[in-house]
Amino acid sequence: MPTWVDCSESVEEALARLDAESKANAAARMAKKAADAAAAAAPKQRPLSGNALIDAMKSEDLAKCRSLYPERGGDPYKPSWWNIMFGGEGREGLDKIKCERNVWQIAKKSHLVRILLDALKASGCEVDIRRHISCEVCDHSVTGGYDPILNQVVVCQNTARYQGLIQGVLTHELIHMFDYCRNKMDLTDAKHLACTEIRAANLAHCSFLSAWTYGSASPFNIKQRHQECVKQRATDSVLAVRDMPKEEAREIVESVFDKCYGDLEPIGRRIRRGSDDIRKAYKERVYYGYI
Amino acid sequence: MRLTGIFCLADNITARETNRNFFVETQNFHLQTTKFSFHCKFAMTGSENEKSPTEQDKPKHLWMVKPCEHYKDEYSDCRSFKARFHQYFVAGEMTDCSGWKSDLDNCYKWEGKQDLEAANNIIESEKGRVRQRLQGHYNNDIWQPRKVPLSEAEWKPPLPPSIEKGYEASFLQLKADGIKSGEETLGDVDENIRTGAGGMLDSEQSSYCCIV
């Protein structure tokens with residue numbers, strides 16, 4: 001719950017009513033879940049983390065994650081002689097320093113990332129810039145990631161080389177971290193994964209131009225295409241780390257879309273590129289307790 | 001003309017509630033660049049008003065009333081072509097901007113004539129916005145919210161020794177140690193942008209005028 005500096009009765013009444021409604025929904029869901037779990041295996045007591053999460057993940061999904069983020073196992077990436085000669089590789093040490101320097105610059109100068117850092121700190125999860133952010137070599141298909149096992153944001157030093165791109169990566173992944181901090185998010189549950197990806201796509205991506213290049217919108221197809229962009233991005237993000245058919249991923253995204261699309265915390269608005277929205281969101285953060 | 005603008009801003013800060021100083025100060029630099037003479041005029045009018053409400057009359061949540069520049073900005077932005085396009089792209093229809101207009105009018109009344117009813121109207125409007133924003137958040141019951149913050153072990157699980165060893169002499173380790181010892185700080189974002197070490201971020205608006 002965001003800390004509220006000064007509550008009034010009318011706001012409290014409205015929030016109490018919403019809270020009661022959401023509790024009623026949650027209670028109904030819990031009852032259904034308990035009934036299902038009683039018939040099946042024993043239900044999970046708390047969200048998994050660490051080794052338990054590794055054990056619970058399917059081996060195909062783990063293998064997929066490890067192929068995308070080869071340095072997550074702890075061994076540094078070793079480029080082949082061919083890639084060194086012709087692939088522009090071989091300077092991983094320098095790339096890492098540049099990436100870390102960019103991350104530091106972004107943390108100092110980006111309003112959007114600072115909203116998230118402040119929101120995490122206010123929620124009791126202060127980000128340690130060394131412990132929670134890692135610059136690594138990744139597969140060329142990704143620019144970043146969130147590792148729920150070690151609770152780290154991964155910034156890909158070989159694909160995210162520019163500050164604009166790194167800002168987008170950090171915003172996206174810190175939203176996942178925020179969801180983990182504030183909620184009992186269990187990423188073995190595909191619905192939780194879909195929800196956090198919907199929120200990240202909603203808040204950090206999907207401007208009109210971005211949707212156009214992604215194929216979700218065009219100058220002849222504008223009306224409400226933001227939602228389609230978010231759904232497509234979320235589906236692709238789910239498929240990147242889960243081994244499942246595309247239709248199934250899309251179905252899961254559709255099933256949780258309405259609720260997750262409306263949840264705009266901690267930024268509070270869908271940023272429009274080229275506008276003053278980021279600064280406005282940054283100034284508004286104090287009103288919601290994200291100091 | 002510009003010096004007059006700066007003095008007016010200084011007057012404006014003292015004329016307002018002290019508990020709103022932080023909001024005015026964070027906006028200081030922004031306000032200095034855009035229409036500060038307009039801002040100045042209203043500050044002086046406010047301080048000349050003889051019928052200021054007493055402490056008891058003032059609404060409890062007066063801190064929710066933002067400077068009129070904010071409402072003017074939001075109103076003109078809401079009606080701009082780019083914003084209309086974005087509204088159509090996201091929601092499939094144009095947003096009703098009359099809320100910002102009424103807030104702007106009420107803000108002028110409050111700052112100009114200390115009209116308490118106008119201030120209350122703005123406060124109710126702001127509460128509505130808060131309600132609308134948080135409603136989406138509380139309606140998201142896909143997951144359960146945590147009632148207890150994460151423990152240290154959950155927030156910082158132990159890293160494999162190979163990864164830790166790699167971090168020992170890294171740039172971010174240097175900065176993290178600096179933050180712990182107090183030598184380094186992330187600092188204020190606007191200040192960092194203004195002093196501009198390392199150049200501007202391409203995704204941020206960087207155009208502003210310097211008063212000096």
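Select A:Gly144: which residue in strand 3 of chain A stands opposite A:Gly144? It's A:Val155. Strands here are DSSP runs of E with at least two residues, helices are runs of H or I with at least four, and both are numbered from the N terminus.

Before you go on, note that this is a predicted model, where local features need pLDDT of at least 70, side-chain atom pairs count only at pLDDT 80 or more, and totals for chains, interfaces and linings use all residues. Residues are numbered from 1 along each chain as its sequence is written, chains are lettered from A and ligands numbered from 1 in the order in which they are written, and side-chain values use heavy atoms, leaving out hydrogens and water.

Next, pick residues 152–156, which are strand 3 of chain A. Strand 3 runs antiparallel to strand 2 of chain A, joined by 4 bridges; DSSP has to find at least two bridges for two strands to pair. In general, strands of a sheet pair through backbone hydrogen bonds.

Now show the whole sheet: an open one of 3 strands in the order 1-3-2, with mixed pairing. Colour 133–136 (strand 1) and 144–147 (strand 2) in chain A, the edge strands, each pairing on one side only.

Finally, zoom out: chain A has 12 helices and 3 strands.
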